[in-house]
Amino acid sequence: MTRVDGHILTPTGWLAGSLHIGADGRIAAIDGTPVSEPQVRHGTLPLLLPGFIDLHVHGGGGRDSMEGGDALATIARVHARHGTTALLATTMTAPPHELEMALAGMGPACRQRTPGTARVLGVHLEGPYINPGRLGAQPDHARPASTQELQRLHALAPIRLITLAPEIPGNLEWIPRLREAGFVVQIGHTAGSYDDGVAALRQGATGFTHLFNAMSGLHHRAPGMVGAALAHATHAEIIPDLLHVHPGAIRAALRAIPCLYCVTDSTAATGMPDGEYRLGSHQVRKCLGGVRLEDGTLAGSTLTMDQALRNLVHDIGLEIDEASRRVSTHAADFLGLDDRGRLQPGAWADLVMLDPALQLQRVWVEGEPLDD
Ligand SMILES: [Zn+2]
């Protein structure tokens, strides 16, 4: 049994005390006395929060998930060093054989966690069933829904989440079948209207992919996909690197969407110096903290989840406990995982230790400390 002391954020509030990690990698017990958030912020004890959960990761450490092979192990190691304890490996829109190669590489990393890396919960298929007019930085290989292709890919690596554009013919009717088969469906890379969004939610879609980015915006007489999300969504992704979305728009979304949660949409350039990197079949350039295509289009980010937490607290003004839910708990709930994203007995001992300025100090993945 390992004991970790600090200010512990539990589902019912902060405790000054100890968290005990069992030999099975799960939290055995938590004990302590309640403390307030101001005491935590102005105290000297380290903070213990649930490990971060990132459902939208393309790359890191110079590697891109579309490379296949062992790229994902490197990516999961880089993100674990920034406090991400569980993630979804995210694909790019690509020709069928390239997607198959990528998922063939992801399969082993999904089935078995390499020590020192984040848990890979499965795959987020971002396209190819998206709108070719709203590619963002996705390569131009969007295509109509294909159950056969999806079955082939799912046999190679477990797909948990599918981003699709509901206005593409066939996609709306596909959503209930995807739900029945156990996939979570998210609306994204879409030019669809408000009505398309409402219809997709009725059919069983439950989330929105990087809210505001690569979707029809809100006009007061044509509220678009952003309007559908703000009016009806319980869950949506947002990229809080302060480049993809203005802080004011993040604040508006926080008021509208109860379980808005953060993703990084991070690329190979994450954790690397400025220069040229690969994103799917695109060459991208990292410069001034942004990653862009040659024409200036933002092409994913270099955000890490520890920075996302700091941005939410220091720039957006959230309390630490709310910010923690938005970098961890809500994402776990969105995937239906009740033993991650919260510090309570029985849950996986996925945790991060931070100093009161929210600088990361230590990380545990399923009870494994990453620093030794
Ligand atoms: Zn993405």
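Predicted model: local features only at pLDDT ≥ 70, side-chain atom pairs only at ≥ 80, totals over all residues.
- Where they meet, 9 residues of domain 1 are in contact with 15 residues of domain 2.
- On the side of domain 1 that touches domain 2, the elements giving two or more residues are α1 (37–42) and β19 (360–365).
- Of these, β19 gives the most to that side, with 3 residues.

**The nonpolar core**

- As a general rule, nonpolar side chains in soluble globular proteins tend to be buried together.
- In this model, the largest nonpolar core has 113 residues, and Leu 48, Leu 87, Met 106, Val 120 and Ala 229 touch the most other members.
- This core lies between domain 1 (2–48 + 355–369) and domain 2 (52–340), because both of them give residues to it.
- Leu 87 touches Asp 54, Val 57, Ala 76, His 79, Ala 118, Val 120 and Leu 121, not counting residues up to four places away in sequence.

**The seven-stranded sheet**

- An open sheet of 7 strands runs in the order β3-β2-β1-β4-β18-β19-β20, with mixed pairing.
- β3 (27–35) and β20 (368–369) stand at the edges with a single partner strand each, so one side of each has no neighbour in the sheet.
- β19 and β20 are joined in the antiparallel sense over 2 bridges, and Val 365 stands opposite Glu 368 in β20.
- Helix α10 (residues 320–335) lies across β1 (2–10) and β4 (47–50), and runs at about 40° to β4.

**The three-stranded sheet**

- Another open sheet has 3 strands in the order β15-β16-β17, and its pairing is antiparallel.
- β15 (275–279) and β17 (290–292) are its edge strands; each has a single partner, so one side of each is left without a neighbour in the sheet.
- From one strand to the next, the twist averages 35°.
- β15 and β16 (residues 282–287) pair over 5 bridges, and Gly 275 stands opposite Lys 286 in β16.

- Ile 75 sits in helix α2 (residues 71–80).
- A residue counts as buried if 20 or more other C-beta atoms lie within 10 Å of its own; Ile 75 has 34 such atoms, so it is buried.
- Leaving out residues up to four places away in sequence, Ile 75 touches Val 57, Gly 59, Gly 60, Gly 61, Arg 63 and Ser 65.
- Gly 127 is in the loop between β9 (119–126) and α4 (147–156).
- Gly 127 also counts as buried, because it has 28 C-beta neighbours inside 10 Å.
- Setting aside neighbours within four places in sequence, Gly 127 is in contact with Met 92, Thr 93, Gln 138, Ala 142, Thr 163 and His 189.
- Gly 127 and Pro 144 are 17 residues apart along the chain, and their C-alpha atoms are separated by 9.9 Å.

Methods. Residues numbered from 1 in each chain as written. Pairing = 2+ DSSP bridges. Helix = DSSP H or I, 4+ residues; strand = E, 2+ residues; numbered from the N terminus. Axes fitted to C-alpha atoms, helices over the stretch in contact; angles between N-to-C directions. Core = buried A, V, L, I, M, F, W, Y, C linked by C-beta atoms within 7 Å. Buried ≥ 20, exposed ≤ 12 C-beta atoms within 10 Å, placed from the backbone. Domains from an automatic or database assignment. Contact = placed C-beta atoms within 7 Å.
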